[in-house]
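Me: I have just opened this structure and would like to learn how to read it. Could you walk me through it, one feature at a time?

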Amino acid sequence: MNHWLDISSTAFQAAFYLYCASFISYAIAVAGKRWSNREPELHNRRWGRIGFALAIAGWVCHLTFFFTRWKGGGHIPTSNMYEFMTFLAMAIVFAFIIVHLIYRNNLLGAFAMPLVVIIVAYAAVFPSEVQPLIPALNNYWLKIHVTTAATGEAFFAVGFAAALVQLLRVIDFSRTDKAGRREQKWVEFVLFFMVIIIGFLVSVFAFRGGGYEAKFQQEKVHIDQQGVEQSVTQTVEYGLPPIVAPYNSEKISMQTYLGIKEPLFDAPAWMNGVNAGRKLNTVIWSLISGAILYALLRLAARKPIAAVIHPHLTDIDPEDLDEISYRAIAIGFPVFTLGALIFAMIWAQIAWSRFWGWDPKEVWALITWLFYSAYLHLRLSRGWQGTRSAWLAVIGFIVVLFTLIGVNLVIAGLHSYAGV
Amino acid sequence: MIHNTKCECGHQNPTGTVLCESCGKPLVEDLPLDTPLEMRYDGAARRSQKQNPAVIDRVWNFFSSVKIAIWLIILTLIGAAVGTIYPQESTFINLDDPASYYKETYGTSGAIYQALGFSRTYESWWFIGLLVMIGTSLVICSLDRVLPLYKALSKQQVRKHMSFLTRQQTVLETDIAADPEKWVADFGAQLKRKRYRVWTDGTALLAEKNRFSRWGPYINHIGLIVFLLAVLGRSVPAWHMDQYVGIDEHQVKQIPGTDYYIGNDKFTVEYYKDEELPDKLKGTARAKLYQTQATLYACTQYCNDDPLHDPVLKPVESHAIEVNSPLEYKGLKLYQYNFEEKVRLIEVKPMLLDTVSGKSYGPFDLKMSDPAEKSQAGPYTLTLRDVYPDFGLDEEGRPMTKSRDFNNPAFVFRITGPDVDEKGELYIYFPMPSASDKGVQQQINASFKKLGSNTGRFNFQVGKMENVTFSQYTTFLNVRVDRAMPYVWVGAGISMIGLVMGFYWHHRRIWLRIDGGRLTLGAHTNKNTYGIRNETASALAKVGIVVDPKALDNRRNTR
């Protein structure tokens, strides 16, 4: 490891802690208004300012991380999942700063910053070494395409954060009719989903901290271009205790956990992505630990999480949130079009000899684009602003996440180098 | 249902008009009276709202609906997503029997997927049909709206109906103490400083800026249409070529269907050294570079398989083809696609060895592909009797060739010359430097001797390495012609300009009138109501009316 990379990883940790601190400040700003001995307005403004300053400081550290890693690694750090996710988080902070400067509302920070923290932590799950570039990535379009696409997506993320606040703002817990209950259920489900992601992070870092390890030997059969069946054996390493073993594999070593010595079952054959078995195992662990975490939160609060947050959001009008969400998406849409479609096509034309090849990643970028196009057109229609549009912004960001992560984890394609 | 389309201001509006073209009074009351007006297309009538539609009008009306457009987008989206469940057939190069491949690889669901045609989603009639319908919808939706909008915006009246002003999203009603005409002039001056264009009509005012941003969506749509047409243009055969050629090093091959030949001068593959790799990747073969040093030749004469002449080739372009760096020549592009490590002889220059006298003759040239009929080695003539490019033995032990590739070539020569029987002597020669080949060569030559075809006197010998030309790698290049590409980029560019215009600038208009010392102001924007409220409040503050931007928001009064 060289000197630059040392600075880089220190700056990264600093950025992470600053983002956490920023989130906490924003949370205090929003939640602590009714604490005794204080003027609510003043309290909100003061803690909001601290939160924003911390976010800026975190972002500066993040930029330091980015450029020192670029210098130390010799190429722009956007070439694998770790680097991309850290970049995405950096772009979200950038988008947040822009939108915050326009609208100056602390609620946005209270929801955008935890999203950033989660994504930074998620990035840290992936191996963080600098990997030299493979020929396909060795082009200046790596800089242009990936950064612009991520910036567009970052604005969608901010749109998502604002939409989520809006949903929590307008949710009506006094309603007992079917539609009202459905809305309560789904908002709670979005929060549950976020808790699952936190559960995932907790289990990964807990077992990593404990040094857990299991190994399997997997035999993979594929058909090469000459039509000949080839079988490749590879070692699959698990960082989480294997509930699921890779398909068609032998156990090499496995530490026991909870008295269990063998994986409980095998991954199905149709999961043909890179390391599909391990990923399925991770999903199962995330669901388990997320569910436990959620149960604990519910036990502590004795009511749905949405009902805990809802009362703190009264001092902003839903229309403003609607506008913030829409505006963020409207800013992001042209950037996304340019980065994820046009620049992607130009690079694909240079690298793969065709500007469009219906590769899963390309298709999902198109799907994301179509989805947000539909969103923008629907907003022209009466009745599609407000809550409905907020739901679309939430679903849109789920589509973005699937494009960025899901495609790499579930579907193998030309973008597989960005996999785990 | 026939509306009386004459407004109280005396203006005759076309059927379907929502807001009077002249004074802006709402003509169709389908919204509660206290809610903001629907300002789309300035309330102008669209062609699709024509009465008594004929067939063509019905088609027009269908495609002019934004609702239909959204459905088309959603259906395309779902179709595209379904296409990513399993790999498409087009991603496999040799897939002879897709049905059984999908069944074996992905099980029953894969078989159903393939049988339903989802493994060819993006070439399917329904998917392309959806794209064509989206294209149609783009054209018709745009035309249906842009023309009335253009007309409405180019003949705006300054003095608007009261209900038009009070039902905008941004509204202010207040009393003015100052002289109305002077106040209007002062306020107009403030708006001009904010780069508004201002028109006044006595005590009424209209200020407008960034009208051009309204054309953004339509320019975007034009770009998308150009893009879609260009994509369709790629199906014109003469505009499009997509082929793969595999070339050994030192080999020159014709690009099928063209008068161009491509030569692979040298192929290089480099891997990262361990010290360049992080710990986890050490010991793995991580590619650093694939490169084909290629020369493109244009054929100037005898191009079409003339049996008598070799084609005359002129080098026209030379390039180190890498992933990300194709060779380009007059619209023809050659891309690095793949490579294969496979040692192949191209040419050897063996000596003919006379084991009796110990003398050697030659060397003579032996090209693996297209070897000469007769070669001369010293006083001896070698006549080629048989060529086995990929030598093997059949079930009865007779020599045969396993394929037409020069994997393990063998040559049978008849040698004639001084001190050799008139009918000559037969020898087989394996130029590959492998021990087993040499063994087979000896055996066969010994059996020839037994049959009396030779005396065992001659042998072949390749002296130095420089007498052997071989290829270590076969490179696979993708040859492309795509004459529609410029239009694809132009379409994408226009689209981008439209998006930027529409999303980063916002059309803003402020109307006001003062009636008996009472100011009524209404402001409208198609995007960013927050921005126009701030701007209005800031201009008002400059002329002495201090108001919280939020208080201007008319939507909140109705909650």
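**Strands, helices and a contact between chains**

Reply: Happy to! Let us start with one pair of residues: B:Ala294 stands opposite B:His319 in β8(B). Please keep in mind that this is a predicted model.

Me: Which strands does that pairing belong to, and how many bridges join β7(B) to β8(B)?

Reply: Strands of a sheet pair through backbone hydrogen bonds, either parallel or antiparallel. Here β7(B) and β8(B) run antiparallel and are joined by 10 bridges.

Me: In what order do the strands of that open sheet in chain B come?

Reply: There are 4 strands, ordered β5-β6-β7-β8 in chain B, and their pairing is antiparallel. At the edges are β5 (251–254) and β8 (312–322) of chain B, each pairing on one side only. Ignoring direction, neighbouring strands of this sheet are turned by 25° against each other on average.

Me: What joins β6(B) to its partner strands?

Reply: Take one partner at a time. Strand β6 (residues 260–271) of chain B pairs with β5(B) in the antiparallel sense over 4 bridges, and B:Val252 stands opposite B:Gly263 in β6(B).

Me: How many residues lie between β5(B) and β6(B) in their hairpin?

Reply: The hairpin has 5 residues between the two strands, and in the turn B:Gly257 has a positive phi of about 80°.

Me: What is the strand order in the open sheet of 3 strands in chain B?

Reply: That one reads β12-β11-β20, with antiparallel pairing. β12 (360–361) and β20 (458–461) of chain B each have a single partner strand and stand at the edges, so one side of each is left without a neighbour in the sheet. Strand β11 (residues 351–354) of chain B is joined to β12(B) by 2 bridges, the two running antiparallel. To find this pairing, look for B:Leu353, whose bridge partner in β12(B) is B:Ser360.

Me: Now the helices. At what angle do α2(B) and α4(B) pack?

Reply: The angle between α2(B) and helix α4 (residues 125–154) of chain B is about 155°, and their axes are 10 Å apart. Angles over 145 degrees count as roughly antiparallel, which means that α2(B) is roughly antiparallel to α4(B). Their crossing is left-handed.

Me: Which residues make that contact?

Reply: From α2(B), they include B:Val66, B:Leu72 and B:Gly79; from α4(B), they include B:Phe127, B:Met133 and B:Cys141. By class, the residues of this contact divide into 12 nonpolar, 3 polar and no charged.

Me: And how many residues does each chain give to the contact between chain A and chain B?

Reply: The size of an interface is often given as the accessible area lost when the parts come together. Here we can go by residues: 49 come from chain B and 45 from chain A. Among the elements giving two or more residues to the side of chain B that touches chain A are α3 (98–115), β7 (287–301) and α9 (485–504) of chain B. The side of chain B that touches chain A has 28 nonpolar, 10 polar and 11 charged residues.

Me: Finally, into which domains is chain A divided?

Reply: Chain A has domain 1 (3–171 + 317–418) and domain 2 (214–282). The C-alpha centres of these domains of chain A lie 32 Å apart.

Notes
Residues numbered from 1 in each chain as written. Chains lettered and ligands numbered in written order. Predicted model: local features only at pLDDT ≥ 70, side-chain atom pairs only at ≥ 80, totals over all residues. Contact = placed C-beta atoms within 7 Å. Nonpolar A, V, L, I, M, F, W, Y, C, P; charged D, E, K, R; others polar. Pairing = 2+ DSSP bridges. Axes fitted to C-alpha atoms, helices over the stretch in contact; angles between N-to-C directions. Parallel < 35°, antiparallel > 145°, perpendicular 65-115°, else oblique. Left-handed = near helix turned anticlockwise from the far one by under 90°. Domains from an automatic or database assignment.
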